[in-house]
Amino acid sequence: ERELHRFRLASIAAGALAITLALASLTWWQSFVWRDTETLWAHVIKTDPGGSYGHYNLAREIARKGRYQDAMRHYREALRIRPDDADSHNNLGLLLALTGQFDLSLAELQRAVQVDPRYAKGYFNLGRVLAWRGDLEGATENFRKALHLKSDQVEIYLALGAVLIRQGRLTEAGERFKEAIRVKPDSADAHTALARWLAGQN
């Protein structure tokens, strides 16, 4: 009976050791596969090629590294899988603008707000691209829509104010900069914009 007890203890110890080694091996393998965020999402795509989430997050990661063409390819794949994703349309639209493809950019951004009419970020970025193109009225309209949906976002007030200045609507621009400071009193950008506006009034 004592020998049987020893045998059981030895079996339990051997099993625990095997589990420990297996977990250590798994941890080592995961650290190899997931050595950074990019490889993590690339692994997700390999294991779930039909999911949009991996493509979306991989696109975001490699866009941060300046690899816009690769990022756009993954955003397009994410949209092929899930065409109604406003974020993917928005992000693809921004990358298209950054690479000078303004017509395609506007089409993606317009699609983003069609998919989600309450998507403030889409209107904001539509305004930015239209401002880059010189369509100041269109930019103003979209910044106002974004502000109606997200009245607590300082960057929208500042972008709208900048476009109003370009239109010669200086008084209204100043009001937008003052509102930006009311929304976020510690915003250095808002204080800088207002200071420049005040300097231009003298």
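Predicted model: local features only at pLDDT ≥ 70, side-chain atom pairs only at ≥ 80, totals over all residues.
The buried residues of helix 6 are Ser105, Leu106, Glu108, Leu109, Ala112 and Val113. Looking down the axis of helix 6, you find these buried residues within an arc of 165 degrees, so they line one face of the helix.

What does that buried face pack against? The buried residues of helix 6 pack against helix 4, which is 68–81, helix 5, which is 86–98, and helix 7, which is 120–133. As for its length, helix 6 covers residues 102–115, which is 14 residues. From the first C-alpha of helix 6 to the last is 20 Å, close to the 20 Å expected at 1.5 Å a residue.

Next, helix 5. How many of its 13 residues are buried? The count is 11, so I would call helix 5 mostly covered, taking buried to mean under 20% relative accessible area. Among the buried residues of helix 5 are His89, Asn90 and Asn91, along with Leu92, Gly93 and Leu94. The cover over the buried residues of helix 5 includes helix 3, helix 4, helix 6 and helix 7.

The span of helix 5 can be checked too. Its 13 residues should span 18 Å at 1.5 Å a residue, and the end C-alpha atoms are 18 Å apart, which agrees.

Now the two ends of helix 5. At its start, a side-chain oxygen of Asp85 comes to within 3.2 Å of the backbone nitrogen of Asp87. Just after helix 5, Gly100 has a positive phi of about 80 degrees.

Moving on to aromatic rings. Searching the whole structure gives two aromatic pairs. Tyr56 and Tyr75 make one of them: the ring centres are 5.9 Å apart and the planes are at 65 degrees, so this pair is edge-to-face. Since Tyr56 is in helix 3 and Tyr75 is in helix 4, the pair ties together parts that are 19 residues apart in sequence. Are these two tyrosines buried or exposed? Tyr56 is buried, at a relative accessible area of 13%. Tyr75 is buried as well, with a value of 3%.

Phe124 and Phe143 also pair. Their ring centres are 5.7 Å apart and their planes are at 45 degrees, so this pair is tilted. Here Phe124 belongs to helix 7 and Phe143 to helix 8, residues 136–149, and the pair links distant parts of the chain, 19 residues apart. Phe124 is buried with a relative accessible area of 13%, and Phe143 is buried with 1%.

Where is it? Glu61 is in helix 3, residues 52–64. Why does Glu61 count as buried? Its relative accessibility is 14%, and the cut-off for buried is under 20%. The side chain of Glu61 makes a polar contact with the side chain of Arg64, at 3.1 Å. If you set aside the neighbours within four places in sequence, Glu61 is in contact with Thr37 and Glu38.

Conventions:
Residues numbered from 1 in each chain as written. Heavy atoms only, no water. Helix = DSSP H or I, 4+ residues; strand = E, 2+ residues; numbered from the N terminus. Expected span 1.5 Å × (residues − 1). Buried < 20%, exposed > 50% of the residue type's maximum accessible area, 1.4 Å probe, protein only. Arc of directions from axis to C-beta. Contact = heavy atoms within 4.5 Å. Polar contact = N/O pair within 3.5 Å; in protein donor to acceptor, adjacent residues only side chain to side chain. Phe/Tyr/Trp six-rings, centres within 6.5 Å; stacked < 30°, edge-to-face > 60°.
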